[in-house]
Amino acid sequence: MRRTTVPPVACIGEARLTAGFAEFGRLDLMAHEDVHGPIGPVEPAALLRLAEAIDLKGKGGAGFPFARKLRAVLESCERQDLSAVVVVNATEGEPASWKDKVLLTRAPHLVLDGAALAAYALDADEIVIGVSDDEIGRPSLTEALQERRMPVPTTVVTVPHRFISGEGGALVNGINGLPHIPPGTKKRSSDSGVGGLPTLLSNAETYAQLAVAARLGPYEYAALGTDDEPGTVLLTVTGSAARPAVVECAAGTPLRDILDLCEVPDGPGILVGGYHGKWISREAAERAEVSRKGLAAVGGALGAGIVVPLGHDTCPLGETAQVVRYLAGESAGQCGPCKMGLPDLARAVDLATAGSAPVEVVRAAAGDVKGRGACSHPDGTARFALSAMEVFADDLRLHATGEGCGKRVKGVMGLPGAPDANPQKLTLDWSRCDGHGLCAHVVPDFIRLDGNGYPAFPPTPVPSWLRQGALKAVKVCPELALRLVKAE
């Protein structure tokens, strides 16, 4: 089940974004300036040089270079003779992520500092901050805006807490009064965003990092991290961790140090990068470094800085299937790969998990959506599902026998709501069954006929999307041999 309170904060090494948390809890304006020091406006050319020197990339998942965004907006404003708008994406629609909410609730002035720097450099007319409607970060942000004077009018816009609401185009649509879903076609906010004006849109942590770098300068900022990725990283660590936390560490920190700090037990795999990220094995995690390059080297992805380890007592394929079903339901429904392809992918993962279909079915369904969507949602979902098929191949073989892996789906992935409180499975009274085969015709995705014409199905719980079909199969059985019972 998704947490409803902000998790604890921890740090390995020097604290930057989380500096002062231990002493002050939430940093009001006075505490913020005491910890971080004053900051003044930065000219456009100087801000561009700074962003380029530290190779600042977006922290929302896509990792797009901030300097390129800034330059694109500057050029667009000049070309069109229009003013700019600065947008802070603090919606954090992914249920497994908490880092931006930590910044909003504990260090809101760092985020506001970064937005103010960008607004001054662009001579922007407005700053808009998008937050989710879970009301976790908004009170602290509102208080921070009352504590200070911003260089331009600054408004806070609430968007629905949905996975796709945090996509850049969806946020711009929502601010413009349109449905909070991605636009159906590729559109650059740097050309036309909020109110049709050139818009600089980036993640809350990105603006906070910009504020830190502006105070430290590029050389001191790069004293932490790697040559390729200077600075620190915020990670949300949940799942099977005994001490879930939002952790700040220098880029290049061994991932095993993070896992040890959060008391993560051994398990079959770790999700890195979030629901659009990838699964990696525990062995790979022992070799990985916390950076885009370091995680990519072991087959993972940094993404939005999400780390979700699984314990040995949890069914990894069942957890994966739950997330793919959730992602299919989060589709904007505007293009075929999302509207039809993602439900097909969810069905394929469910069937593979139930032992009713080979892994090739999942690969085929993922191939049908990759590279074809109007946004990155189909690609990210396919990437997540395919990595599970690779990392959990041993579990997949156990499920293919129809016996399953013997582990429960515990719902540790941070999804909204609770896992199925009443999982059910089919049972067969062989003394009654005459092999009519009607049940297999009613729900062929779950029940097959064996070589003798008798029904065969896995002993695992019936997927939720097949529950009604299974119930109908029970009702049409002429010999009353089929039952739907509670799964233990």
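**Aromatic pairs up close**

Going by ring centres within 6.5 Å for Phe, Tyr and Trp (its six-membered ring), the count here comes to seven aromatic pairs. This is a predicted model, where local features need pLDDT of at least 70, side-chain atom pairs count only at pLDDT 80 or more, and totals for chains, interfaces and linings use all residues. Residues are numbered from 1 along each chain as its sequence is written, and side-chain values use heavy atoms, with hydrogens and water left out.

View A. Tyr275 is in the loop between β8 (270–272) and β9 (278–280), while Tyr326 belongs to helix α13 (residues 316–329), so the pair links parts of the chain 51 residues apart (helices are DSSP runs of H or I, at least four residues; strands are E runs of at least two). Both Tyr275 and Tyr326 are buried, meaning under 20% relative accessible area with a 1.4 Å probe, protein chains only.

**View B. Trp279 and Phe384 make a tilted pair.** Here the centres are 6.0 Å apart and the planes 40°. Trp279 comes from strand β9 and Phe384 from helix α16 (residues 377–391), 105 residues apart. Trp279 is buried at a relative accessible area of 2%, and Phe384 is buried at 0%.

Methods
Rings of Phe, Tyr and Trp (its six-membered ring) pair if their centres lie within 6.5 Å; planes under 30 degrees apart count as stacked, over 60 as edge-to-face and the rest as tilted. Buried means under 20% relative accessible area, exposed over 50%, partly exposed in between (1.4 Å probe, protein chains only).
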